[in-house]
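Please keep the sequence and the 3D view at hand while reading.

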Amino acid sequence: MFGLLLGDFSSAFGAIKLIFWDPLFDENFASYARPQLLVKAGPIILIAIGLSIGFKAGIWNIGAEGQYILGAIFGASVALSLYPQESILIFPAMILAGALGGFIWALIPALLKVYFKTNEILVSLMLVYVAENILASVSQGLLRNPEGMGLPGSRNLKDYPSAHNSEILVNSGMHWGVLTAFLAVILAYFLFLKHQKGYEIRIAGEAPKAAYFAGINPSKTIIFCMGMSGLLAGMAGLFEVAGPSGQITMSFNSGYGFTAIIVAFLGRLNPLGILLAGLLMALTYIGGEIAQLMLGLPGASIQLLQGMLLFFLLATDIFTNYRFKSKGS
Amino acid sequence: MVIFGIDLVLLISALMISATPVLLAAIGEAVVEKSGVLNLGVEGMMITGAVIGFIFAVNTQIPIYGFVCAAIAGALLSVLFAVLTQYIMSNQVATGLGLTMVGLGLSALIGKPYEGIKSPTVSKIEIPILSDIPILGPMIFSHDAVVYFSVILVATVAFVISKTRIGLVLRAVGENQEAAHALGYKVVRIRFLAIMFGGATAGIGGAYISLARVPQWTEGMTAGAGWIALALVVFASWKPWRVLLGAYLFGGITVLQLNLQAIGVAIPVEILSMSPYLVTIVVLVGISLFGHHTAPGSLARPFHASQ
């Protein structure tokens, strides 16, 4: 990155190789990085699929990060209240609770938009800051590990077999959340391609007036889109807190809710595109970690790289909005 | 003037300082939205202004250079947004979000070596005579130049928008882009300039956080101020003086909750810290209930002369 700024081509090439190539193909990193690819891509894809449903309808849920946090808190609360009982039903109950948490949090901006016409961008975003404060509160209070010697943070769910979101295949990074993300991609694909609801959503986004006159209820569309995106974000939060993160802490959320917005656009709001964009974005995270380690780049440079990626993609709109013409014609 | 252990003079004077960054960013964004463009990148431009302003102020030890450079940096970053949305016609929401990401990343990257340094002090200007008035003097008339600048800027924007030809053209472009184009106004050029103005004021607002309010540089230090500025524009129904009112209300809540935390009121810290955001939501609902919807007609609609 620095190289790119200074115009030093070879070091820029080295940095790009370190970020995009080495995590997958360099034997020093691959054994760690390859499973991480799925671990990181899973939640991002899951959230982005949910967001893309709303974005297609012109409903801008920017607060997925908050829904993700609330999902994690709801899901973890179920597990922590049942500890140390063991049952096969606990994990499914956690998933439901997580989905519910995200759903409720997303329903607030949705209902406010339906009944009061408030701007969902601002409300959902304000709720992220509220959620972060709730997270800080519960990790020091309600959900704190009673055996944690007063340190903030909940019990580690990795030590609680019934609640642990374990890998399905050892060392693949493939946990239940990743599987759910793949399922969500397939379901979203059919929603938009085959299902009437998907068609209605697209109409509502592209021609709101036509949708209205065709009897598509805008309020229902808003609630469906916001609800779905919140539901998926909440589930992503639960899978993260029960798996890779393991515990509710003040900073367990890694900004996936915001990255997912980029991914949704990078993937052109297309489920398959989002799948690929999510994997690419996960790669920049891992490559970024390696670059931090090897080149001493600050963590935020990855955010810059991700933002630039989005800009380059948005700039390609020039090819859809304009046509090249030779002089004669 | 001490009520419940809170000094009212200090509270109001702190309120004005706390509100200034958001006020500056919001008044710029109000102009941008008046021209029919929704720039969600305010947070990114603010944080870039914060870091650039800090770097130049620390290196020159002259705060005013910091503010000028912050304005330039904010405007330059907004050019990126302007080119993408006005010429390439990309989606304004996505581009604005991208701008925020880029701003947060860029600022953290270039600000790394400056963490933990103290900035030069922005000196206060005691307005002669007025600052000698008891209570009101120390409350309102002994601030630094940027606080006064922000209020003058609001007055100027209010005047220009409602009373001058430039303001009329700006509003025409924002209300009905096709009609403005038919009248021969350069829609894209006017919007481009409005976006740059918004970038510059957001930059100054950011620099005020890192140079006066905190005064230090830490990564991500704007902490959502840019988003609150966006909410304020809606709160103000796109009217400049109401932006001022909203910013001071919001600043008041922020300062009050800090004061309540300091004197140890029996309300959990988290509830106090989330109160500004909750109040913003309540206010947004209130505005929708009782206010008029006066959003510029062409807000966030792309424009090309051929369509």
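## Terms and basis

A residue counts as buried when its relative accessible area is under 20%, as exposed when that area is over 50%, and as partly exposed in between, using a 1.4 Å probe and protein chains only. By this definition, 55% of the 329 residues in chain A are buried.

This is a predicted model, in which local features need pLDDT of at least 70 and side-chain atom pairs count only at pLDDT 80 or more, while totals for chains, interfaces and linings use all residues. Residues are numbered from 1 along each chain as its sequence is written, chains are lettered from A and ligands numbered from 1 in the order in which they are written, and side-chain values use heavy atoms, with hydrogens and water left out.

## Chain A as a whole

Chain A contains 15 helices and 0 strands; helices (H or I, at least four residues) and strands (E, at least two) are DSSP runs, numbered from the N terminus. Its radius of gyration is 21 Å, close to the 20 Å that the globule rule gives for 329 residues, so chain A is as compact as a globular protein of that length. The radius is taken over C-alpha atoms, and the globule rule is 2.2 Å times the number of residues to the power 0.38. Along the principal axes, the C-alpha atoms of chain A fill a box of roughly 80 × 60 × 35 Å.

Contact means heavy atoms within 4.5 Å. Of the contacts in chain A with a separation of 6 or more, 75% are between residues 24 or more positions apart. The accessible surface of chain A is about 14,900 Å², and 66% of it belongs to carbon and sulfur atoms; such areas come from the Shrake-Rupley method with a 1.4 Å probe, and for residues only the protein chains shown count as cover. The 18 positive and 16 negative charges of chain A have mean positions 16 Å apart. Lys and Arg count as positive and Asp and Glu as negative, while His and the chain ends are not counted; the place of a charge is NZ of Lys, CZ of Arg, CG of Asp or CD of Glu.

## Local features of chain A

A:K117 is found in the loop between α6 (90–116) and α7 (120–140) of chain A. Its phi is near 60 degrees, a positive value in a residue other than glycine. With a relative accessible area of 59%, A:K117 is exposed.

A:S166 belongs to the loop between α7 and α8 (176–194) of chain A and is partly exposed, at a relative accessible area of 31%. Neighbours within four places in sequence aside, A:S166 contacts A:M174, A:H175 and A:W176. The C-alpha atoms of A:S166 and A:F239 are 9.5 Å apart, although 73 residues separate the two along the chain.

Helix α14 (residues 300–315) of chain A has 16 residues and reaches 23 Å from its first C-alpha to its last, close to the 22 Å expected at 1.5 Å a residue. The expected span is 1.5 Å times one less than the number of residues. Among the buried residues of α14(A) are A:A300, A:L304, A:F311 and A:L314.

## Chain B as a whole

The secondary structure of chain B consists of 12 helices and 4 strands. Chain B has a radius of gyration of 19 Å, which agrees with the value near 19 Å for a compact globule of 307 residues. Its C-alpha atoms fill a box of roughly 60 × 45 × 45 Å along the principal axes, and 57% of the 307 residues are buried.

Among contacts in chain B between residues at least 6 apart in sequence, 77% join residues at least 24 apart. The accessible surface of chain B is about 12,400 Å², with 72% belonging to carbon and sulfur atoms. The mean positions of its 14 positive and 12 negative charges are 14 Å apart.

## Local features of chain B

B:M16 lies in helix α1 (residues 8–34) of chain B and is buried, with a relative accessible area of 8%. Residues up to four places away in sequence aside, B:M16 touches B:M139, B:I140, B:H143, B:V147 and B:Y248.

Helix α3 (residues 63–87) of chain B has 25 residues and should span 36 Å at 1.5 Å a residue; its end C-alpha atoms are 35 Å apart, which agrees. Just after α3(B), B:M89 takes a positive phi of about 60 degrees. B:S237, in the loop between α10 (225–235) and α11 (240–262) of chain B, has a positive phi of about 45 degrees although it is not a glycine. B:S237 counts as buried, at 5% relative accessibility.
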